[in-house]
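I opened this entry to note pockets, cores and cross-links. My notes follow the order in which I looked things up.

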Amino acid sequence: MKIYLLFTALLISGSRAFSVPAIKPDQHFLNPNNPSLNGKEQRATNLAGQWVKKGIKPYFKDGQIIYIFGVTLPSVVCAPLQLCDIELQAGETVKNMNAGDPRWNIEQAYSGPDGRETPHILVKPMDVGIPTILIVTTDRRTYHIKLLSRKRDYTPSIAFQYPDEQRQVLAQQNERMKKIHQEKTISDTGENLKDLNFEYDISGHKNIKPLRAYNNGVKTIIQMPKLMTATEAPILLVLDESNNEQLVNYRLHQDRYIVDQLFQKAVLVSGVGSSQKKATIIRR
């Protein structure tokens, strides 16, 4: 019995003597000599560190964590036995994807209609505590994404907001609106058609009959035939509710009468007596 107990004690003592303390892989496998950096290289790593730690936080929308592309390093937290989805931009084509640690399973999937598919990068860690960087190259941009594995915490789905795309879309919209505005603008006066009211009835002698009349809410413009610029301009009179003629402030600009008010009815008068000609302008 004593011999058996002594052998057991020696076995336990021996097992303790030959136990190997846990060490981190980087301490065991990597070269302990860390090279020094020159000023330029130190500056570059400092700037990169500022970008990685930049405090622009993601936001939550429609069940996804949204990162603004390019302003900081996005992070995906995932757990073993969980699948985390990284959604890219619709219509984007993935060229290549690589992670620094092979203990991450990385797959590609698509959603959406043919010709307008949305690419997804599906990541799943095989262990806890294996941070690495995932690089995804596409036909539009390059993604740098930090992958972090924990026991239970994980972010099921992340996506991106693209400021450069939004600025481009806004610029295109502004250009279209500018073009539409130019198409609806009277070139020689700078007036835009959407700001004008053309609801006028015009009648009278063909020689002095206006081509059109309109107002901009403040002034009334009466456009005459180009021939009027070479002849004596008719007199403009505004009629009140009793058809009494009243003088009104107006000025001539090329082939237009510019009246400093809105009126319901007006007449243009040229000549006197039997040779007098008239044209009537009535606002509906």
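**Pockets, cores and a disulfide**

I began with the second largest pocket, which holds about 170 Å³ of space. The model is predicted, so I keep in mind that side-chain atom pairs count only at pLDDT 80 or more.

Which residues line this second largest pocket? I listed N207, I208, M224, P225, L227, M228, T231, E232, P234 and S270. I then sorted this lining by class: six nonpolar, three polar and one charged.

Next I turned to the largest pocket. I noted about 220 Å³ of space there. I found 13 residues in its lining. Q64, I66, E87, A159 and F160 lie nearest the centre of this pocket. Which elements give two or more residues to the lining? I wrote down β1 (59–61), β2 (64–68) and β10 (157–161). By class, I have seven nonpolar, three polar and three charged residues in the lining of the largest pocket.

**Nonpolar cores**

I moved on to buried nonpolar residues. In soluble globular proteins, nonpolar side chains tend to be buried together. The largest nonpolar core here has 20 residues. Which members touch the most others? I noted I86, I121, V123, L134 and F160. At least two residues of this core come from each of β3 (75–78), β4 (84–87), β5 (94–99), β7 (118–125), β8 (132–138), β9 (142–149) and β10. β9 supplies the largest share, three residues.

I took I86 as my example. What does I86 contact, leaving aside its neighbours within four places in sequence? I recorded V76, P119, H120, I121, V123, L134, I145, I158 and F160.

I also found a second, separate core, of 16 residues. Y200, I208, M224 and L236 are included in this second core. I208 and M224 were already on my list for the second largest pocket.

**The disulfide**

Last, I checked the cysteines. A disulfide is a covalent bond between the sulfur atoms of two cysteines. How many disulfides are counted? I have one. C78 is joined to C84, with 2.3 Å from S to S. I noted 100 degrees about the S-S bond, and the link of C78 and C84 is right-handed.

Are these cysteines buried or exposed? C78 has a relative accessible area of 0%, so I marked C78 as buried. C84 also counts as buried, because its relative accessibility is 0%.

How values were computed:
Residues are numbered from 1 along each chain as its sequence is written. This is a predicted model: local features need pLDDT of at least 70, side-chain atom pairs count only at pLDDT 80 or more; totals for chains, interfaces and linings use all residues. Side-chain values use heavy atoms; hydrogens and water are left out. On a 1 Å grid over the protein atoms alone, a cavity is a set of points where a 1.4 Å probe fits but cannot get out, and a pocket is an open set with protein on both sides within 12 Å along at least five of seven lines; lining residues have an atom within 4 Å of a point. Grid points are joined across faces, edges and corners, and a volume is the space filled by probe spheres set on the points. Helices (H or I, at least four residues) and strands (E, at least two) are DSSP runs, numbered from the N terminus. Ala, Val, Leu, Ile, Met, Phe, Trp, Tyr, Cys and Pro count as nonpolar, Asp, Glu, Lys and Arg as charged, and the others, Gly among them, as polar. A nonpolar core is a set of buried Ala, Val, Leu, Ile, Met, Phe, Trp, Tyr and Cys residues joined through side-chain atoms within 4.5 Å. Buried means under 20% relative accessible area, exposed over 50%, partly exposed in between (1.4 Å probe, protein chains only). Contact means heavy atoms within 4.5 Å. A disulfide is a pair of cysteine sulfur atoms within 2.5 Å.
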